[in-house]
Amino acid sequence: MTDTVQRVALVTGAAQGIGAAIADELAAEGMKVVVADVNAEGAAAVAERNGGVAKTLDVSDQDAVNRTIAEIVDELGRIDVLVNNAALVPLTPWADITFEEWRRVMSVNLDGIYLVTHAVTEVMGEAGYGRIVNIASNTFVAGTPDCAHYVATKGASIGLVRALAGELGRLGITINAVAPGIIASEGVLSGPHAAGFDYVVPMQAFDRRGLPQDVAPAVAFLASEKAGWITGQTLVVDAGHTRN
Ligand code: NAD
Ligand code: 4PL
């Protein structure tokens, strides 16, 4: 951060869970954070506590995405950091993944990344500076069962990071992925993934459940100016559950 410019960060899916912790961490580091989520109330509460700006946004809605990015540029003048965090986190055995369910997960977890990233890189490219972090998942490393559609989107988000690093580097933009292991977010705690802790925690190096606050610092580092020589990479943040 320079003395004169306050960096603006857009975090999608930031009304709760890992996204909210990332939004708080970036705000604590001095950034102006746009807390974007389909959950308007939750986004407003997070923005209220961290001095940010809330935007109601469905990342899979092309018109809404383009309108929201234009609003942010109008109101705040810039977008320096994008964290692609919004996602559906389903647990569905392969036999039960209908094409409709497959498309639903693709549209939020993958089309959403395309839409927001495509709009934001235009803004970042004009400024000649940007930091993009995709929140992937260590399920892509572990091959976690009963969420094949989800794992496929997380692999695709890492593929996009690798593919875009070169093109975006020429514009002064870095793009990396952070791949958390199982985290006690509101979403996971309220759904069937919660049973996964009993299986995963014994494989970790540390004997407790991961929290959203355990992921946020890694994202903040890759989103910082000082991470400018790192791009196209995936940082696994899972207490050593997987090792590569
Ligand atoms: P969560 O379900 O607690 O929160 C997700 C947020 O995204 C919610 O606020 C939800 O409203 C929002 N959202 C959903 N669809 C949206 C859309 N179309 N547009 C905008 N916002 C939308 O989830 P979480 O556990 O905090 O997960 C956050 C990210 O971390 C996701 O990318 C997830 O895949 C990833 N992740 C989670 C875990 C885990 O165990 N919790 C592990 C690895 C990776
Ligand atoms: C190990 O990304 O990485 C459950 C739910 N277990 O979403 C995840 C593990 C989940 C994960 C994830």
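**Ligands, pockets and cavities**

Author: In this predicted model, a nitrogen atom of ligand 1 lies 2.9 Å from an N or O atom in the side chain of Asp-58. A nitrogen atom of ligand 1 is also 3.3 Å from a polar backbone atom of Leu-57, and an oxygen atom of ligand 1 is 2.9 Å from an N or O atom in the side chain of Lys-154.

Reader: Which residues come nearest to ligand 1, and which helix gives the largest share of its shell?

Author: There are 28 residues around ligand 1, and those that come nearest are Gln-16, Asp-37, Asn-85, Tyr-150 and Ser-185. By class, this shell has 16 nonpolar, eight polar and four charged residues. The space taken by ligand 1 is the largest pocket, and the elements that give two or more residues to the shell are helix H1 (17-28), helix H6 (148-169) and helix H7 (186-189). The largest share, three residues, comes from H7.

Reader: Which side chains have a polar atom 2.7 Å from an oxygen atom of ligand 2?

Author: The surroundings of ligand 2 consist of Val-89, Ser-137, Asn-138, Thr-139, Tyr-150, Pro-180, Gly-181, Ile-182, His-193 and His-241. Within that group, a polar side-chain atom of Ser-137 is 2.7 Å from an oxygen atom of ligand 2, and an N or O atom in the side chain of Asn-138 is likewise 2.7 Å from an oxygen atom of ligand 2. A polar atom at 2.7 Å from an oxygen atom of ligand 2 is also found in the side chain of Tyr-150.

Reader: What percentage of the area of ligand 2 does the protein bury?

Author: One of the contacts of ligand 2 is with a polar side-chain atom of Tyr-150, 2.7 Å from an oxygen atom of the ligand. Taken alone, ligand 2 exposes 300 Å², of which the protein buries 92%.

Reader: How many charged residues are in the shell around ligand 2, and in which pocket does ligand 2 sit?

Author: The shell around ligand 2 divides into four nonpolar and six polar residues, with no charged ones. As for its place in the protein, ligand 2 sits in the largest pocket.

Reader: What is the volume of the largest pocket, and which element gives the most to its lining?

Author: The volume of the largest pocket is about 1,200 Å³. Its lining is made of 49 residues, with Leu-88, Val-89, Tyr-150, Ser-185 and Val-188 lying nearest its centre, and these 49 divide into 27 nonpolar, 18 polar and four charged. At least two lining residues each are supplied by H1, strand S2 (32-37), helix H5 (139-142), H6, H7 and helix H8 (197-200). The element that gives the most, with three residues, is H1.

Reader: Which residues lie closest to the centre of the second largest pocket?

Author: The second largest pocket has a volume of about 180 Å³. It is lined by 13 residues, which divide into six nonpolar, three polar and four charged. Those closest to its centre are Phe-206, Gly-210, Asp-214, Asp-238 and Ala-239.

Reader: How many cavities of 30 Å³ or more are there, and which helix gives the most to the lining of the largest cavity?

Author: The count of cavities of 30 Å³ or more comes to two, and the largest cavity has a volume of about 50 Å³. Its lining consists of Asn-84, Asn-85, Ala-86, Ala-87, Asn-109, Ile-113, Ile-135, Thr-153, Lys-154 and Ser-157. Helix H4 (99-127) and H6 each supply at least two of the lining residues, and the one that gives the most, with three residues, is H6.

Reader: Which helix gives the most to the lining of the second largest cavity?

Author: About 30 Å³ of space lies in the second largest cavity, which is lined by Thr-12, Val-59, Asn-84, Asn-85, Ala-86, Val-108, Gly-112, Ile-113 and Val-116. By class, five of the lining residues are nonpolar, four are polar and none is charged. The largest contribution to this lining, four residues, comes from H4.

How values were computed: Residues numbered from 1 in each chain as written. Chains lettered and ligands numbered in written order. Predicted model: local features only at pLDDT ≥ 70, side-chain atom pairs only at ≥ 80, totals over all residues. Heavy atoms only, no water. Near = heavy atom within 4 Å. Polar contact = N/O pair within 3.5 Å; in protein donor to acceptor, adjacent residues only side chain to side chain. Areas by Shrake-Rupley, 256 points an atom, 1.4 Å probe, with all protein chains shown as cover. 1 Å grid on protein atoms, 1.4 Å probe; cavity = no way out; pocket = protein on both sides within 12 Å on 5 of 7 lines; lining within 4 Å. Sits in = over half its atoms within 2 Å of the grid points. Nonpolar A, V, L, I, M, F, W, Y, C, P; charged D, E, K, R; others polar. Points joined across faces, edges and corners; volume = space filled by probe spheres on them.
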